[in-house]
Amino acid sequence: MTDDAPPVAAPPEQVTRFLDAVRASLAQGTLAKLVLAAYQGPEAGLKKTVIRPLTLKDGAQLSFVQHYATRDITRNLPQPAGLALVADLLGAQFRSAHLLTQTEDFHLEFSRQGACRLTRGAAVSSVAPAAGHDRTKKRLLDHRKPFLQALGLTDAAQRIIPAMAHKWKQINKFLEIFDQAIADSPLAQQPRIEVVDFGSGKGYLTFAVHDHLRNTLHREAQVSGIELRQELVELCQTVATHEQCTGLSFRQGALGGFAPEKLDVLIALHACDTATDLALHLGIRAGAALILCAPCCHKELRPQLQAPDVLRPLLRFGVHAAQEADMVTDSLRALLLEAHGYQVKVFEFITLEHTDKNKMILGIQRAEPAVPGAKIWKEIAALKAFYGIREQHLESLLKSLKAVG
Ligand SMILES: C[S@@+](CC[C@H](N)C(=O)[O-])C[C@H]1O[C@@H](n2cnc3c(N)ncnc32)[C@H](O)[C@@H]1O
């Protein structure tokens, strides 16, 4: 730099420490992913960027996947250029950066005024660098299944790719829940089972459920993944055809326009906002014996919620108001399922990488239609009145259905 060059401000110490942690985890091969969120740059619709290490024939790279509402854009950069880009983006375009490694997680946050805060904690993703890492835990899914490699979860040696270890854990946890739910449901002895997975995305869970039903439980399963994004449908269908997965198919479509004649199991994991209501409605309407939903992005009720006086000191904090809206939304969904003949459990599923949305709503159709309908409807009405809720999407969709009880 020449003497008359304008001074360049040094990055805050927290940013330097965060970048050091990124470099160290890359050097040690422990970096699972780096998620840049809270975007404030010029690109319309950009939600977040997820960065993962990968090795190409040109050497070590960083893969940047930019997530928009309806598409993803991927580009790879050599590691030094990728790191320089991350350094430029932090704070300038993204106000949140979450580094997940095998051993530790780091979270760098910028306030709107530009102040930054770095926190670190134990790894939530317990990344498995190789297949051997899973030796101690009996998994329901065998990591040697060829579809896992085709979907990018395992490498050519059938080892879990480190960056996918969290997804691997999530799939296995989901299978444990699914396996138990089947055993507890009217489907326990049923030889043929129809499953629909709404918003199947890259199909990890859809393939896993199909494999579990066909090859572990030996049922004649028909599993369909319904997905809005054509490119994901094509990817999954190609793998299903190539791997000769009998009874597994994928189709492009929107939740709202789907009306299956028969449905035993409805799955909708991480369907945004009222898409979860569409899925629940469809499951109830089709008389699904089993409904498994992991809701996310609860937006509908928050603007409607009116804080009762005594709760105002709690709900003036945005984070509490959001938690309250999530809880009220999912409680109403659970009550509505109960009112339509389901036994319902709401529980923690598995921690997601960069969000606390890890709730599962599990509905198992009761063998005997239950009596408590009137009581539940009263509870629903009381909850809505308490919070000043005018409309909840599932309730509106269900109005045309006759409730049990
Ligand atoms: C967050 S991903 C979850 C994927 C998968 N269920 C999982 O948990 O791994 C949500 C998926 O739902 C799809 N989606 C969103 N709205 C939809 C709709 N109305 N109908 C069908 N798919 C939808 C998105 O394209 C996306 O692939």
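Student: What covers the buried residues of helix 1?

Tutor: The cover includes strand 1 (31–39), helix 2 (79–89), strand 5 (94–101), strand 6 (104–110) and strand 7 (116–122). Two residues count as in contact if their C-beta atoms, placed from the backbone, lie within 7 Å. Helices (H or I, at least four residues) and strands (E, at least two) are DSSP runs, numbered from the N terminus. This is a predicted model, in which local features need pLDDT of at least 70, side-chain atom pairs count only at pLDDT 80 or more, and totals for chains, interfaces and linings use all residues. Residues are numbered from 1 along each chain as its sequence is written.

Student: Which residues of helix 1 are called buried?

Tutor: They are F18, A21, V22 and S25. A residue is buried if 20 or more other C-beta atoms lie within 10 Å of its own, exposed if 12 or fewer, and partly exposed in between, with C-beta atoms placed from the backbone.

Student: Why are the buried residues of helix 1 said to line one face?

Tutor: Seen down the axis, they fall within an arc of 100°, so they line one face of the helix. The arc is that of the directions from the helix axis to the C-beta atoms. The face turned away from the buried side carries the exposed residues E13, D20 and A27.
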